[in-house]
Each structure stands twice: as C-alpha cells, then as structure tokens.
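Thanks for coming. I will take one model today and go through its core, its chain contact and its domains. Here it is.

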Amino acid sequence: MSEQTPFTIEQFYKHIGQGKLLGAKCRKCGKVHLPPRPLCEGCLSKEFDWTALPAKGKLLTYTIIHIAPTQFQASAPYAVGIVEFEKDLKLPGMIQGVSLEQIRVGMNLTMEFGTAAAIQPWPQWPKYYFKPVTN
Amino acid sequence: MNGKPLASIVSAGLSKFGKLEGLYAREIFSEAAKEAFDNCPKLDPRKDIEALFVGHMGESFEHQGHTGATMADWAGLGHVAATRTEAACASSGVALRAAICAVRSGLSDVVMVGGAEKMTHRTTAEVTEYLAMASDYPFEQWNGITFPGLYALMATAHMNAYGTTERQLATVAVKNHYHGSMNPKAQMQKEITLETALSSRMVAWPLKLYDCSLITDGASCLILTKPELAHRFTDTPVHIIGSGQASDTIGLYERKSLTSIEAARVAAKKAYGMAHVKPEDIDAAEVHDCFTIAEILAYEDLGFCKAGEGGKLAESGETKLGGRIPVNTSGGLKAKGHPVGATGTGQAYEVYLQLTGRAGKRQVRDAEIALTHNVGGSGATATVHIYRRS
C-alpha cells in the first residue's frame with residue numbers, strides 16, 4: 001500500500017488550510033466520512049482514500065448565538081449552522097457574509113477557507129466559514 | 001404485572017437547589033446524604049452502605065477532580081468503594097445505572113448513588129464555556145457553538161419540519177415554573193406568564209432566557225438495595241423495574257436526525273421492554289428539560305406523542321399536574337434547577353416522592369408507575385429508568 005497521510009482531524013484541518021474539503025472514503029465498503037475517522041463506521045475497516053467533496057451545500061438548521069463562551073464573546077451575536085454537502089455528510093460552522101435576518105433554512109452556502117486562527121494556544125487549526133452563494 | 005424489580009430505593013435525599021453561597025459541592029452532597037440517612041432509621045450508613053456511585057460533571061467549576069472519593073468522605077462513608085461517573089448532564093443517570101448493576105450483580109447489597117455540582121460562583125461566560133466541554137471540541141466548540149446553541153439548532157430544525165412555535169416552547173417554561181412554585185426545594189418558586197417567557201432576552205435564537213434551564217448548585221442521592229432486602233429498611237420501597245442507557249455521536253452534526261434524540265429513543269425502548277410497560281402506563285415523568293425544546297423532544301422520544309406533535313402536547317395542558325401525564329412536577333431543570341451532575345438522581349428523588357405519596361401540593365394522585373429521562377450533552381448519552389411503587 002502506498003504511503004498515505006493519516007486520516008485524522010488534524011489532517012482534515014491541514015486540507016482546510018490548503019482550501020480543500022476532503023472526506024475519507026472506505027476502501028472496503030465505500031462509506032465516506034466527514035470528518036475522517038480512523039475506523040470505518042460502516043465496516044470497521046482502517047483503509048481509506050481521500051475524496052474531494054463539493055465545498056457547497058444546503059443549510060439544514062441554524063441559530064444565532066447571543067450568549068457566547070469566553071473566547072467568542074467579542075464576536076456575539078453570530079450565526080452558526082449545520083450544512084449538508086452530500087447526503088449525510090454535514091459540518092457545523094459559522095455563517096458569514098449575510099445579515100443575520102436574511103439567513104434561512106435551505107439556503108445554499110459555500111465553504112470559505114481561512115488561515116490559521118489563534119484564539120487559543122491549542123490547537124492551531126485553520127478556520128472555515130459558510131457564506132451565501134453569490135451569482 | 002410488570003417487570004421484576006432490578007433494585008429498590010429505600011431512601012432518598014435532595015439538598016436545596018439554587019445559589020448556595022459559600023458551600024462547596026462536597027458540602028452540598030453531605031446535606032443530601034443526611035436527609036437520606038435521617039429518613040431511613042433502620043439503615044446504618046457506615047455499616048450497610050458498601051459502595052457509592054456519584055455523578056459529577058466538571059472539574060473546572062471548583063478546580064476539583066477525584067470527586068468520587070471526595071463525596072464518599074464528605075457523606076461520612078469512610079472506606080466505601082467510591083466511583084465517580086461523568087456523562088455531562090447525564091452523569092448521575094449513568095451513576096444510577098451503575099448502582100443498579102452493582103446491586104443486580106450481587107457484589108453489593110446496599111449502595112448509595114447520587115450527584116453534585118457547584119456552578120453559581122462562576123460567571124455565565126465561564127459556565128457556558130465549561131458546559132460546552134461536553135460537546136464536540138474540534139467542530140462544535142471550535143466554531144463557537146454553545147449548549148443553548150446546540151439545542152437551538154434542534155429547535156430550528158423541529159420548527160422547520162413540524163411547524164413547532166416559539167409560543168409552544170414557552171408553554172413548557174410556564175408549566176414547569178408553575179410546578180416549581182409548589183416545590184420548596186426549587187431554585188425558582190415563582191410562576192411566570194407566557195408573555196414573560198416570550199419577551200425574555202435572546203440566548204441562542206430561537207431560544208430565549210426562559211427557554212433555558214438554570215445555573216444551579218445542588219446535590220441528590222438515593223439508597224438502593226436488592227428488592228428482597230428492601231423491607232429490612234422501609235415499608236415503602238420504590239422498585240426500579242426498567243433501565244436503559246444508550247450513546248450516540250458526540251457531534252450533533254453527525255447524527256441522522258436533528259429533530260429527535262436517538263439515544264433517548266434507544267434507551268426508552270430498552271427500559272420499556274425490561275419493565276413490560278408502555279408509554280400510556282406512565283403516571284408521572286421527570287424528563288430532561290435542559291431547554292424547552294428538549295422537553296418537547298422528550299415527549300416524542302418517550303412515546304407520549306407521535307414525532308412532530310410534542311409542541312401540540314405541550315400546549316394541550318396534558319403534561320401539567322392534573323393532566324393525562326404530568327411531566328416535571330418538580331419544576332424540572334427549568335425551575336427546580338440544573339446542577340448538572342446532580343440532575344439524574346434528582347429526577348429519581350422526585351419520582352420517589354411521587355410514588356411514596358410524599359410530594360405535597362404537587363402530588364400526582366394514585367401515581368403507580370413513573371419514568372425518568374436524563375440526557376447528556378446534546379444527546380450523546382441518554383438514560384431512561386422506570387419505577388413502580390411497592
């Protein structure tokens with residue numbers, strides 16, 4: 001088997017830092033995991049291939065956070081939601097580039113890739129955000 | 001006749017819930033323990049109690065870990081085998097399950113099970129941060145999602161799928177505050193109006209202040225024994241006849257459904273099956289109303305109504321004292337308070353009062369079978385227990 005990058009959360013975020021949304025596809029049963037995990041949920045296999053996912057999807061649900069944890073207090077109020085990219089492949093994230101009143105369940109959003117964030121000393125993951133699709 | 005008893009509750013204790021200034025969790029736990037000891041004169045705690053299972057969620061609140069032994073020590077139980085369980089807000093629901101296992105296995109004849117948490121000395125931002133630790137870190141906490149935020153995501157999804165309204169959510173708060181007004185140990189003992197709830201400040205849209213449970217100090221405990229030994233300690237034991245516990249993904253975003261807590265459905269199915277009872281047999285229930293939407297999801301997940309009809313059930317008044325199935329007669333997490341680690345056995349304490357006819361003004365008439373539903377985090381852990389009076 002060829003040398004592969006590990007199927008870890010850290011590697012997922014390294015890809016985010018490179019502007020890519022990648023899931024881990026099981027070589028045995030074909031199930032795609034987003035985020036990746038070391039054991040396939042479908043068949044407990046440990047063999048995967050990275051698979052590119054379209055960085056756009058539909059907003060399944062959202063909320064506007066008014067009371068924020070300590071490290072996010074300066075940003076409040078802010079919107080967060082869960083976006084579905086393909087069936088059952090979802091991620092939560094902040095929704096930006098749209099006024100809070102205009103956010104709607106079902107709207108199309110794309111993923112924007114940020115650089116390394118430094119809110120906390122550990123870990124240093126890059127950020128991603130969701131933004132409305134612009135025509 | 002329903003299921004065989006798994007274990008029997010022979011006594012129970014609950015501290016006052018609220019802002020207990022100047023008291024550490026261990027000191028609050030000893031208050032709950034003392035009530036349980038005093039109410040069971042035939043029990044010799046130091047001689048009879050062989051193990052303690054105690055739910056405690058957060059080291060961060062008091063900068064104190066290793067809380068199993070700490071609580072055992074402060075309850076005066078010396079060298080008892082002490083185990084602390086942590087499953088976020090279901091910490092003591094899980095402790096209860098472990099205590100039942102200890103008794104059922106034959107390893108221990110008499111055990112104490114409880115929980116404690118000290119929270120009110122921290123700022124709201126700190127409490128928000130510490131509670132969020134029970135959610136997924138790399139994707140949820142990292143994106144600034146709080147606990148009210150996670151339940152708000154479920155509320156938005158439920159409203160969108162079924163037309164559930166903010167007004168229906170608020171009726172849950174009004175009901176539970178009404179019940180809390182009859183509970184002298186509740187943190188909030190005042191009734192509120194629908195308008196108060198609906199006009200309260202936003203926490204995580206669509207959830208407002210009155211959709212959220214409280215930040216609370218408190219402790220709770222039960223004394224459990226084998227069913228065949230129960231009458232040695234009391235004439236009025238309460239039998240536990242069903243126990244279910246289940247897990248799910250830590251991240252809400254990885255679940256199949258955003259409008260149901262699947263772990264609660266799995267746990268409920270197991271508990272109902274073990275107890276040989278159906279949802280319509282339940283006379284009283286304490287459910288995990290950490291947010292108003294959570295009580296509505298609980299109605300559906302426990303089979304009190306069909307999926308999507310929880311909002312209407314809340315509005316119907318059938319879950320109010322005097323209704324078809326009174327839910328959260330204690331005031332629930334919403335009004336009684338939610339000292340996270342103490343909540344699971346705190347719910348069992350209310351059921352114990354109800355099934356022994358000691359619930360005072362909030363007594364459910366002729367209550368024979370009751371249920372508790374305790375959820376950890378956004379639903380990665382759930383426990384459901386079913387009880388029958390003797």
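**Core, interface and domains**

The largest nonpolar core in this predicted model has 174 residues, and those with the most contacts inside it are B:Leu52, B:Val111 and B:Tyr151. By nonpolar core I mean a set of buried Ala, Val, Leu, Ile, Met, Phe, Trp, Tyr and Cys residues joined through C-beta atoms within 7 Å. Buried means that 20 or more other C-beta atoms lie within 10 Å of the residue's own, with C-beta atoms placed from the backbone. Helix 7 (residues 147-162) of chain B supplies the largest share of this core, nine residues. Helices (H or I, at least four residues) and strands (E, at least two) are DSSP runs, numbered from the N terminus. Domain 1 (9-52) and domain 2 (56-132) of chain A both contribute residues to the core, so it lies between them. Those domain bounds come from an automatic or database domain assignment.

A word on conventions. Residues are numbered from 1 along each chain as its sequence is written, and chains are lettered from A and ligands numbered from 1 in the order in which they are written. As the model is predicted, local features need pLDDT of at least 70 and side-chain atom pairs count only at pLDDT 80 or more, while totals for chains, interfaces and linings use all residues.

Next, the two chains. Contact here means C-beta atoms, placed from the backbone, within 7 Å. On that basis 27 residues of chain B are in contact with 26 residues of chain A. Which helix of chain B gives the largest share of its side? Helix 7 of chain B does, with seven residues. By class, that side of chain B has 16 nonpolar, eight polar and three charged residues. Ala, Val, Leu, Ile, Met, Phe, Trp, Tyr, Cys and Pro count as nonpolar, Asp, Glu, Lys and Arg as charged, and the others, Gly among them, as polar.

A:Ile64 stands opposite B:Trp205 in strand 5 of chain B.

Last, the domains of chain A. The C-alpha centres of domain 1 and domain 2 of chain A lie 21 Å apart. Eight residues of domain 1 of chain A are in contact with nine residues of domain 2 of chain A. Helix 1 (residues 9-17) of chain A gives the most to the domain 1 side, with three residues.

Key
Buried ≥ 20, exposed ≤ 12 C-beta atoms within 10 Å, placed from the backbone. Contact = placed C-beta atoms within 7 Å. Pairing = 2+ DSSP bridges.
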